[in-house]
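Hi,

Here is the structure I promised to pass on. Please open it first, then read my notes below.

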Amino acid sequence: MANNRTSGMLTTFSESVTGRASISAMQMDDFFTDRFDKDLERYAQGIFVAGSMGNWSMLISFFSAFMIAVPTAFVMLAYHEEIDTALLGLALTYLLSLPYFLQQVAFILNIFLGNLTSLERLLQYTDKALPQEPEWFKESDPEASSWPTKGEIRFTQVTLRYQSSLPPALDNLDLVLKGGQKTGVIGRTGAGKSTVMSCLFRLVDPVSGTVHIDGKNICEIGLHTLREAMRIIPQHPLLMSGTVRNNLDPFKCREDQELLVVLAKVGLDSELLDTEIGQGASALSSGERQLLTFARVLLSDAKIICMDEPTSNIDAKTDEFVQKVVREEFVGRTVITIAHRLQSVIDYDNIAVMQKGKLAEFGSPMELLSDQNSHFSSMLSSLGAETASKLKIAASRAHQAHKVGITPMKSIDLSSPSSTMEIQPADLVDAKIDSKQEQL
Ligand SMILES: Nc1ncnc2c1ncn2[C@@H]1O[C@H](COP(=O)(O)OP(=O)(O)OP(=O)(O)O)[C@@H](O)[C@H]1O
Ligand SMILES: [Mg+2]
């Protein structure tokens with residue numbers, strides 16, 4: 001009991017130490033002091049009860065041993081003529097030390113039971129009552145080389161809830177993302193954009209409906225096999241303490257040259273490779289952390305790439321640079337990008353507009369823009385007339401490029417008023433050459 005109560009006290013203590021700046025700024029000192037006092041009191045009660053029980057059990061064992069030893073000693077002394085003197089002496093010696101030994105046994109038993117708390121805690125975590133993760137591998141899992149080949153993703157009537165008491169985060173979602181196409185997912189905050197990815201990676205399984213990748217139901221595939229087939233740049237980059245090298249290539253299966261190339265591609269300094277980045281990569285800025293996770297994805301040849309606001313923490317110029325890398329490096333792969341800057345996805349094959357867990361609109365940017373009342377059109381208009389017209393030109397240029405079967409490679413520069421985004425014949429020729437080289 002006392003050991004269990006220590007955790008509350010330690011939690012409050014560590015929260016107060018790590019969050020002291022916020023506590024002080026929000027003037028929550030009294031709240032945390034009260035909470036710590038209560039935790040301390042509960043701990044003191046626990047310690048008092050545990051100590052008293054230990055002392056009580058020692059007293060009882062000492063007393064019961066005394067009650068056995070003393071009468072037995074008197075009985076033996078009374079019949080000393082019938083008992084061998086040597087045996088009598090030996091028996092009396094042991095009898096008189098019995099209370100002491102029993103008291104010691106009680107003391108050790110108390111300490112042993114106290115230390116069993118850790119085991120108890122471990123058993124709680126391994127308890128069958130805790131929801132278990134689905135299987136990591138299944139015998140029926142496809143080979144990594146044979147699946148996915150196209151990267152087509154099909155959501156059919158998917159409803160997903162984080163908890164049964166909560167409203168659905170995805171509500172009857174029907175969405176087909178063709179293999180090799182790029183899709184931008186946009187929508188208001190809380191619309192369910194990140195949940196689409198959580199569902200794809202099976203962080204949470206749908207309550208109803210199915211998700212198929214290249215015809216295979218992802219719920220029938222082992223978690224590891226499924227996640228190996230895709231790569232994600234999450235909204236909050238996950239990095240480990242260690243060097244940049246460890247983070248880029250944790251299994252040490254890449255050559256230095258490959259690591260340096262991807263670092264250069266995302267615009268990070270090659271000297272960073274052996275730099276210690278501290279716990280949670282605290283030595284890097286948020287933008288650098290995002291670029292590093294981006295570099296990690298570039299190292300992989302997964303057919304499906306998911307990006308959850310990959311450039312939310314980086315400036316517009318670096319975003320532009322990263323988008324250029326996406327266009328060049330992810331040709332032929334299925335890319336899903338959750339974007340907060342419309343210019344990041346304006347030249348994508350498709351845009352999915354999410355609203356309250358439902359798919360509100362889906363189509364190419366030009367299709368959505370052709371309807372003046374569409375959500376996408378109104379989002380674009382809200383950016384201001386000049387930006388909207390530039391993005392419209394960019395969408396039209398991308399549309400023409402897609403029609404002739406090439407991937408637009410030019411990034412959209414909204415900062416320069418002189419930049420023209422109309423497609424030039426030279427662009428088409430260059431891009432066609434690029435595309436032919438890609439096929440070869
Ligand atoms: N772990 C969770 N537990 C419970 N509810 C959650 C959890 N994660 C998200 N939700 C809820 O699910 C809904 C969709 O959340 P989601 O994170 O997908 O939104 P989003 O469109 O990505 O928003 P944002 O643009 O702010 O990232 C929200 O109502 C949110 O409160
Ligand atoms: Mg999100």
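Ligand 1 sits among Tyr162, Leu166, Ala169, Gly187, Thr189, Gly190, Ala191, Gly192, Lys193, Ser194, Thr195 and Gln235. Keep in mind that this is a predicted model. By class, the shell around ligand 1 has four nonpolar residues, seven polar and one charged. Helix α5 (residues 193-200) contributes the most to that shell, with three residues.

Two bridges join β4 (residues 208-213) to β5, in the antiparallel sense. In one bridge, Ile213 is partnered by Lys216 of β5.

Last, the helix pair. How are α1 and α3 packed? Helix α1 (residues 2-18) meets helix α3 (residues 29-78) at an angle of about 160 degrees, and their axes are 8 Å apart. So α1 is roughly antiparallel to α3. Their crossing is left-handed. The contact between α1 and α3 comprises nine nonpolar, five polar and four charged residues. On the α1 side, these include Met9 and Phe13. On the α3 side, Phe32, Leu40 and Ile47 are among them.

Best wishes

Note on methods:
Residues are numbered from 1 along each chain as its sequence is written. Chains are lettered from A and ligands numbered from 1 in the order in which they are written. This is a predicted model: local features need pLDDT of at least 70, side-chain atom pairs count only at pLDDT 80 or more; totals for chains, interfaces and linings use all residues. A residue is near a molecule or strand if its C-beta atom, placed from the backbone, lies within 6 Å of it. Helices (H or I, at least four residues) and strands (E, at least two) are DSSP runs, numbered from the N terminus. Ala, Val, Leu, Ile, Met, Phe, Trp, Tyr, Cys and Pro count as nonpolar, Asp, Glu, Lys and Arg as charged, and the others, Gly among them, as polar. Axes are lines fitted to C-alpha atoms, for helices over the stretch in contact, and angles run from 0 to 180 degrees between N-to-C directions. Angles under 35 degrees count as roughly parallel, over 145 as roughly antiparallel, 65 to 115 as roughly perpendicular and the rest as oblique. A crossing is left-handed if the near helix is turned anticlockwise from the far one by less than a right angle, and right-handed if clockwise. Two residues are in contact if their C-beta atoms, placed from the backbone, lie within 7 Å. Two strands pair if DSSP finds at least two bridges between them.
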